[in-house]
Amino acid sequence: MKKILITGGAGFIGSHVVRRFVTTYPEYHIFNLDALTYAGNLENLRDIENSANYTFVKGDIVDAAFLGELFSEHDFYGVIHLAAESHVDRSITDPMAFVMTNVIGTANLLNAAKKSWKDNLEEHLFYHVSTDEVYGELHDPNEFFLETTKYDPRSPYSASKASSDHLVRAYHNTYKMPAVISNCSNNYGPNHFPEKLIPLMINNILNDKPLPVYGKGENIRDWLFVEDHARAIDVIFHKGANGETYNIGGHNEWKNIDLVKLLCKIMDEKLDRPEGTSDRLIHYVTDRAGHDLRYAIDATKLKTELGWVPSLQFAEGLEKTVNWYLANQGWLDNITSGAYSHYYEEMYDGR
Ligand code: NAD
Ligand code: DAU
């Protein structure tokens, strides 16, 4: 059985990647390494936590000694690295947390893998999951981010992710570490932490709270359903060429204000409220510092070389997402009350 280490598997995207690998590949044993920060939630994986080919490991990638022990205990065939501080607003108030996890943590993971794999490096793979934000922002509506677009990170979050991408490429070039990187656009879907735009709006509409739209709401994001991202990661892990980078995106651009209004409409219908009820909750608030105007991915390389295309139209993906939040209000309540952080202790006490 090949052992695969997935980091950040208790988070939003990581939990979908872990589920996909555990259920699709019984020939792999999946180790989910996660520090269970505020964003990590083992409830996301309740349905697969007892699978024979799954093991959860609580640990921090900033702790190099811990990683050294983990890699000497297990001969991992591959690493799929998602663990990160991921919220731009938090990076503005606490940049060092992003430097520690995203930069130092990635360097620690690369070092642990390099040391453990030194005798047969070429038989292993380090897959680094990154973001389109490393490319900066776009102004010309006809321009898209390509794999060759020059890096121009503009927030502490995107700068820390860009640093981690550079480290992975440096280890590939210098030490011949087999590596692939992907840079994806904005994800949405079930289990998305309610500090991010779509789940925050859903949660606030449900609770009749103001909907904070930054600036004039004219910033544009390119939205991709999270399971399509997980499928792209699967394809790249298995078929991606060593040393290559792949952009992943939905070709699905929305101005924030249009998206928020669409969510209001969908929620009013679902909640049987008169049309316009949720629109009245919209509040324009002070803009995010350094707010990137537009992100848009050109994913042609992934399509032509590896055959991946998004499977869901946005309307279908949003419908699934809203239905999931309506059916899982306990998940939201646990997070907003802070109760979910005790889940680990309850589940693993005494094991
Ligand atoms: P998330 O914040 O939901 O989850 C991050 C996970 O990492 C959490 O489970 C957290 O506990 C864990 N973690 C954080 N610090 C850790 C540490 N020091 N050691 C071990 N575990 C730690 O993030 P997400 O939105 O699921 O993003 C996952 C990855 O995908 C990140 O690398 C992010 O940069 C990238 N990404 C995200 C998006 C998006 O739209 N959310 C798009 C492109 C790329
Ligand atoms: O592009 C990929 C990135 O997408 C990922 O790398 C990040 O981890 C992920 O968090 C996301 O970053 P964004 O900053 O684009 O996502 P967020 O949901 O925070 O914001 C989306 C847009 O909505 C952005 O233009 C800011 C705006 N916004 C956000 C919040 C939370 C609001 O107008 N109001 C809000 O309350």
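## Two ligands and their surroundings

A polar side-chain atom of Glu133 lies 2.8 Å from an oxygen atom of ligand 2, a polar contact being a pair of N or O atoms within 3.5 Å. This is a predicted model, in which local features need pLDDT of at least 70 and side-chain atom pairs count only at pLDDT 80 or more, while totals for chains, interfaces and linings use all residues. Side-chain values use heavy atoms, with hydrogens and water left out.

**Ligand 2**

- Oxygen atoms of ligand 2 also lie 2.7 Å from a polar side-chain atom of Thr131 and 2.7 Å from an N or O atom in the side chain of His291.
- The protein buries 94% of the 690 Å² that ligand 2 exposes when taken alone, with areas taken from the Shrake-Rupley method with a 1.4 Å probe.
- Around ligand 2 there are 23 residues, each with a heavy atom within 4 Å of the ligand, and those that come nearest are Thr131, Asp132, Tyr157, Arg288 and His291.
- The strand β8 gives the largest share of this shell, three residues, where strands are DSSP runs (E) of at least two residues and helices are runs (H or I) of at least four.

**Ligand 1**

- Among the 28 residues around ligand 1, the nearest are Asp34, Asp60, Ser86, Tyr157 and Lys161.
- An oxygen atom of ligand 1 lies 2.7 Å from a polar side-chain atom of Ser86, and a nitrogen atom of ligand 1 is 3.0 Å from a polar backbone atom of Ile61.
- Of the 840 Å² of accessible area that ligand 1 has on its own, the protein covers 96%.
- The largest share of the shell around ligand 1, three residues, comes from β5.

Note on methods
Residues are numbered from 1 along each chain as its sequence is written. Chains are lettered from A and ligands numbered from 1 in the order in which they are written. A polar contact is a pair of N or O atoms within 3.5 Å; within protein, one must be able to donate a hydrogen and the other to accept it, and residues adjacent in sequence count only if both atoms are side-chain atoms.
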